[in-house]
Amino acid sequence: MTRKQIILGAYFPGVNHDTVWSDPASGSHIDFASFAHWARTAERGKLDLLFLAEGLRLRDRGGEIFDQDVVGRPDTFTVLASLAAVTSHIGLAGTINSTYNEPYELARKFATLDLLSGGRAAWNVVTSSDADTGENFRRGGFLGHHQRYSRAGETLEVVRRLWDSWGSDAIVADKESAQFLRDGDVGEFAFSGEQFDVSGRFTTPRSPQGHPVILQAGESPAGRDFAAAHSDAIFSRYQRFDEAKTFYDDVKARVAKAGRNPDEVKILPSAAVVLGDTLAEARERHAEIHHRQVDPWTAIVLAEMVWNRDLSHLDPDGPVPDLDPTPDAPKWIRGRAPLTQDAHATAAAWRELGREQNLSLREVVKHVFDRAVFVGTPETVADEIDRYVRDGATDGFIVGSHVSPSGLDEFVDEVVPRLVDRGVFRSEYTGATLRDNLGLAPPSRFGERRPIDSSVAS
Amino acid sequence: MSTSDSLHLAVALSDAGWHPAAWREAGARPAQLSTAGYWADLAATAERGLLDLLTIEDGFGLQSHDHLAEPDRRTDQVRGRLDAHLVAALLAPLTSRIGLVPTVTTTHTEPFHTANALATLDHDSLGRAGWRVQVSVRADEARHLGRRTLPGVRREHLDTPETVRLVAELFDEAADAVEVARRLWDSWEDDAEIRDDATNRFVDRDKLHHVDFTGPQFSVRGPAITPRPPQGHPLVAVLAHREVPYRLAARSADVVFVTPHDADGVRSVIGEVRAAEAAVGRGNADARSAGAPLGEPLRILADLVVLLDQTRAAAQERLARLDARAPLRSDAAILATTPSDLADLLLEWQQAGLDGFRLRPAVLPDDLETITDALVPELQRRGAFRTAYDETTLRGRFGLSRPANRYVTAGSTA
């Protein structure tokens, strides 16, 4: 019997403490050559997709730009379009905010990326959680939690209408009969809702996938429901087997409740991988990397993310502080996604962990932020990835490492072939589009024009 | 042939060409206008011709018989297009020398996104990015975004007070968008990334700067997300026909595309551009220290729609045949002639004071291929055009310096 196929994506090492820029192998995070190397490596391994995160402002701490981690990144759409030129099969997924972009532009850019890449575009839809991000945009300010999802929902609805406003047969281009378009009203759309009142005619023809693949990363119950109802795949941070399986079961149930087939939504946690020739060597290497990722100062700053106050007077090798978090104070650290919904509960859990296991603040932080789920030999890591998928904890992973751009090389050269040998991962691309490769059905009404409806849809 | 002597030749890429009947020509590829292969082939042809740069047309509304008008319902002409900036990004790794200048509107976009996107295009192309700044006056385009209502502009009402005021506002917003972009491009000093192990700092935060721009349409705090691009600032270009856009070019651009119709027109348009430069204090040291204008004079390129053939009669016959299907109207002069005659005219107009031309091929790929395979060799024979690319950056090709960073002070470089 054919084994369930694993989905594998690759993330570019991020703008955060996980990326060890002081590693001698660490290259540029800006030069296109770094992105091209990473993309070609992933495509050599026949991975499903490349994944880029987002940043809409530089991070700061106590009003000063945070200078310790990697800072800066190129524009996501631009890099993905350039990568379309140097790759031919791999998916191109960009994290793009629905709060600080307008649906018309989003629809154009993703349709263009899908057309230029021959059907490989994917959009990780996120909302902005940082009020101060508005400082860089026309909208200014920010939206409350409910409004953010309302805007995200309407954004997706408008964008999908725009993508559907051109049929796949809209362009005839018959030189003899002088007919370029099938219909003179191609691209017509209208939408009126709480957030948007837009109408007119869309400029960009229907793309190969019809709808680029939609990814989401909802964590709150509302976010999970939203993702279950609207996405093709869900990016998660739940990496340990038990929590991954709990998340998987929960979201798949929500997908079913939303009236969809659970197979229509793929769950893809991120996973850092550290390899060694022996288990002991891999563990030692991981310990070294992780020790550098969470250096004493990083431990303080990550604690500050939870406490929302200046903790620079603390000793990172001392205990977790008894101080109360001040979640309602002005934000001490800006430009980062929040680590917790409940600062008091998280602080209490850290204290308890410290007491129970006699760990210092830094050791607690290291424990909490240990993102490398897969530490081992290529053989044991392949076993583990296989087990997660076989036992229903995930549909696959978005993998990466602590160093750009060569951090993916070992995984592709050593682990991927072992997954292929097990019959759980492709040895050649078979699909024409990202949707095909992910095993996703074409979007509903594919190739057909949807009726124009100017009333509120959702 | 040194940079300063060579005529500058740009090509303007649009759909199947600038003639509305171009898509029906035998060599046209109307079913492939939205594919990577089509644009890659055009860029390769332009680069083979050693052209300075290519521009890519764009707009938030569908093409129309009149660019000010609402979209029509015709089915017999090319409609639909790609995001020009992303087409340029695709072309960056596929080309190595030619400048890549997409059209990006300032009316409906976020200046912060635009600045980072163009900086990234410059990184991806190793210093070959430009920006053709465009404003959108169309009411239908405003409705697409739903963020503000614009009444639109009718060609016959261009001089009414309402239209004059609206156009002035949109162009002021464009100037603000370019100003924000230039500040954001400077918001990282070139050596801001230090990777200093000893002090555990990736950047020197003293070399990152808030831009703190506040204007009527937007405010932007900065710094940019993307580090300073290789050129410092990508090349900024504006197409201008009248005083208000001349003023935008003078305040904000490095290159202006103009539309004279004869040699006298060339002289008068150059006079108007230089007058606009003087009016905004461009190059004036006092004015520069007060803020906006740039130091170097605008590079002036004339737009020409070109349809080329082996004889003048053949060219004109081809134009007549195309016009019979759909008449070509243009803001720029239309020349249906031979490569040799066109070379004569380019050199005559250059003598009148132009730095070069932006050629709009009537039919793609046909007229672009003729530019590369016949016009360029003709100009080279006359010693008027480069025989190899020399400068590696687009600014360098125009003899423009890499801009000094406005935030670098004597103290911070020491």
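Modeller: The contact takes in 60 residues of chain B and 64 residues of chain A, where two residues are in contact if their C-beta atoms, placed from the backbone, lie within 7 Å. This is a predicted model, in which local features need pLDDT of at least 70 and side-chain atom pairs count only at pLDDT 80 or more, while totals for chains, interfaces and linings use all residues. Residues are numbered from 1 along each chain as its sequence is written, and chains are lettered from A and ligands numbered from 1 in the order in which they are written.

On the side of chain B that touches chain A, the elements giving two or more residues are α2 (84-91), α3 (111-124), α4 (139-145), β6 (201-203) and β8 (219-220) of chain B; helices (H or I, at least four residues) and strands (E, at least two) are DSSP runs, numbered from the N terminus. Among these, α3(B) gives the most, with seven residues. Sorted by class, this side of chain B has 27 nonpolar, 16 polar and 17 charged residues, with Ala, Val, Leu, Ile, Met, Phe, Trp, Tyr, Cys and Pro counted as nonpolar, Asp, Glu, Lys and Arg as charged, and the others, Gly among them, as polar.

Turning to a sheet in chain A, three strands form an open sheet in the order β4-β3-β14, with antiparallel pairing; two strands pair if DSSP finds at least two bridges between them. Because β4 (64-65) and β14 (333-334) of chain A stand at the edges, each with a single partner strand, one side of each is left without a neighbour in the sheet. Strand β3 (residues 60-61) of chain A pairs with β4(A) over two bridges in the antiparallel sense, and R61(A) stands opposite E64(A) in β4(A).
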